[in-house]
Amino acid sequence: MKYNFNYYNPTKIYFGEGSISNLEVELKNYGSNILLAFGGGSIKRIGLYDKVIDILQKAGKKVVLFGGIMPNPTYNKLLEGVRLVNENKIDLILAVGGGSVIDLAKGVSASAYTTNAWEKYWIEGKPVDSQVVPVASILTMVGTGSEMNGGSVITNEEAKLKKGHVFEAKVYPKFSILDPTYTYSVPQYQMLSGIFDIMSHLMEQYFSGTDENVSDYLIEGLLKSVISSTKKAIINPQDYEARSNLMWASTLALNTLVGMSKTQDWEVHSIEHQLGAYTDCAHGMGLAAISIPYYKHIYRYGLAKFARFAREVWYIDETNKTEEELALAGIEALSNFIKDSHMVTRLRDLGATKEMLPLIANSCDIETSGYKILTKEEILSILEECY
Ligand code: NZQ
Ligand code: ZN
């Protein structure tokens with residue numbers, strides 16, 4: 001480790017089955033007007049909506065409903081939330097759902113008392129200089145880490161741009177309730193999408209830099225835990241131990257802890273975000289499809305790290321293998337994991353058309369801290385390879 005850092009994470013976590021019992025006490029810290037943010041209805045189907053409404057009413061809160069938040073949430077939906085905050089003098093935004101709901105809640109929080117938020121945050125990356133509305137979350141789907149970070153990924157449909165912004169600590173959730181049993185009902189396709197999202201967050205922090213770094217050891221441990229729990233959760237979606245390991249690994253993967261003192265890549269995410277802007281696909285499935293051709297394209301520039309990935313994460317025997325053969329065996333093991341878990345490997349299965357590929361390649365950001373800085377032509381050829 002060689003880079004200095006300051007570490008602070010303000011989100012309080014309540015973890016485990018029944019941890020919603022802490023909501024009542026937490027609510028005492030906030031005023032009476034609550035914006036209840038949620039998605040397309042899954043929280044009603046699992047009975048969580050009724051439970052939360054009951055707790056809010058018993059606590060004497062006035063509840064303003066903000067439902068219908070879509071996967072890959074849009075800037076127009078964010079503006080709807082801003083209007084509700086202003087009209088109702090909201091004291092707390094309670095986001096109940098997956099990453100999309102929590103991301104949008106953070107976006108509304110930072111945009112409520114400022115103008116032209118899209119340009120300010122998602123295009124120019126400026127800090128928040130206005131009042132924010134506190135956010136809290138109850139997580140129902142794992143993958144993004146949004147429950148304990150400042151990330152907010154928003155799609156501007158008119159501009160055909162999906163962009164992430166990382167807000168400062170005052171926009172992080174004040175508290176997040178993580179009950180693994182809420183994730184039992186997540187459809188397998190979404191569960192696997194979330195799982196690959198966790199893995200990609202870990203790998204995109206891992207595949208950068210050549211220094212000896214404690215963070216890389218943490219990442220290897222988390223990846224091994226995710227691989228092991230995935231196999232169990234596929235066989236039995238109600239395996240509490242597997243679902244709780246996946247939930248906490250997901251939070252740890254992107255609550256900034258494992259990224260301390262590390263350069264990081266994020267090119268797979270940059271490409272996926274524009275794939276999402278054009279196709280509205282499930283985020284983690286887009287990452288799964290892009291990752292293998294991307295890693296095959298760049299591994300030679302970070303050979304030692306890819307060989308270490310094979311050895312430490314996939315337990316591949318290095319006897320009689322060159323470093324390059326070992327590195328390739330690690331990528332092959334990742335590819336087999338993706339296929340065996342029935343994750344998506346082709347962009348055409350995510351709604352992409354051939355005509356979209358140059359538009360995606362030309363509009364995504366080029367990252368500069370991975371093992372190789374790509375050109376737009378290289379990105380296009382990676383997209384064509386997984387089309
Ligand atoms: O809308 P509902 O009905 O709730 O259904 C959702 C949605 O259709 C469903 N779901 C969630 N919990 C469920 C459930 N279905 C049954 N039972 C449950 N308990 O799952 C679907 C997907 O939900 P969504 O929130 O969209 O998924 P995810 O958590 O993967 O979030 C994806 C968004 O987060 C962004 C992505 O780009 C994407 O926009 N990201 C946010 C990051 C961050 N904040 O740091 C980082 C990530 O890299 C990512 O970019
Ligand atoms: Zn992600």
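The legends below describe close-up views of a predicted model. Because the model is predicted, local features need pLDDT of at least 70 and side-chain atom pairs count only at pLDDT 80 or more, while totals for chains, interfaces and linings use all residues. Residues are numbered from 1 along each chain as its sequence is written, chains are lettered from A and ligands numbered from 1 in the order in which they are written, and side-chain values use heavy atoms, with hydrogens and water left out.

**View 1. The shell of residues around ligand 1.**
At least two shell residues come from each of helix 5 (99-111), strand 6 (151-156), helix 7 (188-206) and helix 10 (267-279). Helices (H or I, at least four residues) and strands (E, at least two) are DSSP runs, numbered from the N terminus. The shell holds eight nonpolar, 19 polar and three charged residues. Here Ala, Val, Leu, Ile, Met, Phe, Trp, Tyr, Cys and Pro count as nonpolar, Asp, Glu, Lys and Arg as charged, and the others, Gly among them, as polar.

**View 2. Oxygen atoms of ligand 1 beside G99, H269 and H283.**
A polar backbone atom of G99 is 2.7 Å from an oxygen atom of ligand 1. For H269, an N or O atom in the side chain is 2.8 Å from an oxygen atom of the ligand. A polar side-chain atom of H283 lies 3.1 Å from a ligand oxygen atom. Taken alone, ligand 1 exposes 960 Å², and the protein buries 90% of that (Shrake-Rupley method, 1.4 Å probe).

**View 3. A nonpolar patch on the surface.**
The patch is formed by M1, F5, Y7, V214, L218 and L257, which together have about 520 Å² of accessible area. Nonpolar side chains (Val, Leu, Ile, Met, Phe, Trp, Tyr) are joined within 5 Å, and like charges within 9 Å. V214 lies in helix 8 (residues 214-235). With a relative accessible area of 47%, V214 is partly exposed; buried means under 20%, exposed over 50%, and partly exposed in between (1.4 Å probe, protein chains only).

**View 4. K89 and S261, two residues with a positive phi.**
Most residues other than glycine have a negative phi. K89 is not a glycine, yet its phi is about 45°. K89 sits in the loop between helix 4 (75-88) and strand 4 (92-97), and is exposed at 61% relative accessibility. S261, also not a glycine, has a phi of about 60°. S261 is in the loop between helix 9 (240-253) and helix 10, and is buried, with a relative accessible area of 6%.

Methods: Patch = residues over 30% accessible without salt bridge, like charges linked within 9 Å, V, L, I, M, F, W, Y side chains within 5 Å. Salt bridge = Lys/Arg side-chain N within 4 Å of Asp/Glu carboxyl O. Near = heavy atom within 4 Å. Polar contact = N/O pair within 3.5 Å; in protein donor to acceptor, adjacent residues only side chain to side chain.
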